[in-house]
Amino acid sequence: MAAPAGSGRRDDPDRILAAIDRFLNASRQPVLLEPGEPHYPLAPDSFEIRSHPASVTIEAWDERRHLSRRVLGIRAEQPGKLELLVDKFPRRTGRLYLIDLARPSGASAAVREKRHCFREQFRFLLARQFPSWKIVELSSEPNLEFSLSGRYPRAMLAAGKRAMAAIAVPPQEDSPDGVLSFGLVWLDYLRRKRRAFTFEALALFFPPGRESASCLRLRWLDASLVQYQVFVYSQQGYVDQADLADYGNLDTRLEPFCDYRKSLSARVLKWVDELAARPETELVAHRDGSASLCVHGLEFARAAGDQLEFGLSRRHLASSSSLGEIRRFAAELARLRSPDPPDPNNALYRLQPEAWLASQLRASLPSIDASLCAGPIYGQVPARAGSDRGVLDLLAVDHSARLAVLELKTSEDIHLPLQALDYWIRVEWHLRRGEFSSYGYFPGLELSPEPPRLFLIAPALDYHPTTETILRFFSPRIPLVRTGLALEWRRKLQVAFRVEGRGSPCAS
């Protein structure tokens, strides 16, 4: 139930005690939370509630901390949450929350609590690192309208008319690499909102060992647009500035390309040739000498060595007597997974859309850009250890023997530009070392030493609104091409817009 309008009035101690008892009796995982501080678990031996003639005192403690507050009243009461008005030193009131973490609403409150706690830690880090600058804005709240994430606290600092943007990765954050996308969006937002200031820098703060990927990316952003500063903070509050020149080692490898026609046994190669000859089937060669048989990018069989396995979630070992079953299986996949499906909500139609787009590009790459060769086209090379990037990469070549990195996405993703940059950096690194030719890629071609071209390819309506903003920060040394596809890309690839460089799209 909701309490009567409790903007600040004092309640009877008995009423306060009764509300606290109701909360505790109904909670499975109760905690006490004061905004800006880690919560206190309310175990029987870690808190105490005392009643006085005119007030109630609540105390909680753990191994390192102790909190004592005089409760003045109840602001709100609802299942799993009790909001209290408390007396805080010196002579001011505050809020205290009793929350049941076992409830979904309580878990959400715990997430907000961690964000608020780290926001205050970030305030301390900024004050220590930039003592002569004023913190003008500091927030850990999401702002969906401007694509500002609540996962990373962000700040604006100013010294006169000079200003900088800052953003930090919390120690518990699972995706530290995402901070740079949101940092660039935050900087752009501040520049548009605070036009009276000159923003000189973007400062990024990381816990130890989480800064490497962003530092590699920063080396390929345009340093003439803003100064990039990276800081590594410790739990004790110490801050060290990172030198971007120290981050040149890449977590990347290039495996030799092995022709499947040389690695498959004679009988399996014969099966593969027979199945690949069917109009609904696409054959994709892999660098390890295996080969996939696919329908619109969805693999239904894979050949390696002397074995052919087929199926989707469960794989079966094929024999010569299985070929008819495999053909029927591929034909049914083609029926369900077609540009005009009997059921567009069918899981097989909706499965792996990036792989479907890749299959369209493999079939007609020059329709995207006439300068690109129809083949060979390689997938997911070079590799990055432990990477699950959520996008699909292709590596092709143009008619001048210049490499082309193709980054594909079929849904909005704020991180697409920087994930594409990750892959481009690795391709460029291996190209400079002459490894593609020596490892068997693009046989018969002498690859151009020019930096690879970077193509971002997605349906025109499915680019994230911040894509253009982030691309503006890319170094002009990276030859960029952004292509937007027409809506019916599953049926036929048609270019809706094409942008060379870092400009804005215009219809083609």
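Colleague: What lies over the face of Trp 356, and at what distance from the ring centre?
Modeller: Arg 490 does, at 5.1 Å from the ring centre. Bear in mind that this is a predicted model.

Colleague: Is Trp 356 itself buried or exposed?
Modeller: Trp 356 is one of the buried residues of helix H9. Others there include Glu 354, Leu 357, Gln 360 and Leu 361.

Colleague: How far does H9 reach?
Modeller: H9 covers residues 353–364, which is twelve residues, and spans 17 Å from the first C-alpha to the last. That is close to the 16 Å expected at 1.5 Å a residue.

Colleague: And what covers the buried residues of H9?
Modeller: Several elements, among them helix H8 (347–350), strand S14 (282–285) and strand S20 (392–397). Strands S21 (403–408), S22 (453–459) and S23 (480–485) are also included.

Colleague: Which ring has the charged end of Arg 65 over it?
Modeller: The ring of Tyr 40, with the charged end of Arg 65 sitting 3.9 Å from its centre.

Colleague: Let's switch to sheets. In what order do the seven strands of the open sheet run?
Modeller: The order is S2-S1-S7-S6-S5-S4-S3, with antiparallel pairing. Strand S2 (40–41) and strand S3 (47–51) are the edges, each pairing on one side only.

Colleague: What packs on that sheet?
Modeller: Helix H1, residues 13–26, packs on the sheet. H1 touches strand S1 (30–33), S3, strand S4 (56–61), strand S5 (66–78), S6 and S7, and its direction makes about 85° with that of S5.

Colleague: Tell me about S6. How many bridges does it have with S7?
Modeller: Eight, in the antiparallel sense, between S6 (residues 81–88) and S7 (residues 92–100). Leu 85 stands opposite Arg 95 in S7, and Val 86 stands opposite Gly 94.

Colleague: And on the S5 side, how many bridges?
Modeller: S5 and S6 pair over seven bridges, again antiparallel. The two strands form a hairpin with two residues between them, and Gly 80 in the turn has a positive phi of about 80°. The bridge partner of Gln 78 is Lys 81 in S6.

Colleague: How many of the eight residues of S6 are buried?
Modeller: Six, so S6 counts as mostly covered, buried being under 20% relative accessible area.

Colleague: New topic, aromatics. How many aromatic pairs are there?
Modeller: The structure holds 18. In one of them, Phe 205 and Phe 231 are stacked, at 4.9 Å centre to centre with 25° between the planes.

Colleague: Why does that pair tie together separate parts?
Modeller: Because Phe 205 lies in strand S11 (residues 198–206) and Phe 231 in strand S12 (residues 227–233), parts that are 26 residues apart in sequence. Both Phe 205 and Phe 231 are buried. They also belong to one aromatic cluster with Phe 118, Phe 122, Phe 130 and Tyr 233.

Colleague: What is the geometry of Phe 300 and Phe 329?
Modeller: Edge-to-face, at 6.4 Å centre to centre with 85° between the planes. Phe 300 is in strand S16 (residues 298–304) and Phe 329 in helix H7 (residues 323–336), 29 residues apart. Phe 300 is buried at 1% relative accessible area, whereas Phe 329 is partly exposed at 26%.

Colleague: Last one: how many helices and strands in the protein chain?
Modeller: Twelve helices and 24 strands. Of the 508 residues in the chain, 51% are buried.

Technical notes. Residues are numbered from 1 along each chain as its sequence is written. This is a predicted model: local features need pLDDT of at least 70, side-chain atom pairs count only at pLDDT 80 or more; totals for chains, interfaces and linings use all residues. Side-chain values use heavy atoms; hydrogens and water are left out. Two strands pair if DSSP finds at least two bridges between them. Helices (H or I, at least four residues) and strands (E, at least two) are DSSP runs, numbered from the N terminus. Contact means heavy atoms within 4.5 Å. Axes are lines fitted to C-alpha atoms, for helices over the stretch in contact, and angles run from 0 to 180 degrees between N-to-C directions. Rings of Phe, Tyr and Trp (its six-membered ring) pair if their centres lie within 6.5 Å; planes under 30 degrees apart count as stacked, over 60 as edge-to-face and the rest as tilted. Buried means under 20% relative accessible area, exposed over 50%, partly exposed in between (1.4 Å probe, protein chains only). A charge sits over a ring if NZ of Lys or CZ of Arg is within 6 Å of the ring centre and within 35 degrees of the ring normal. The expected span of a helix is 1.5 Å times one less than its number of residues.
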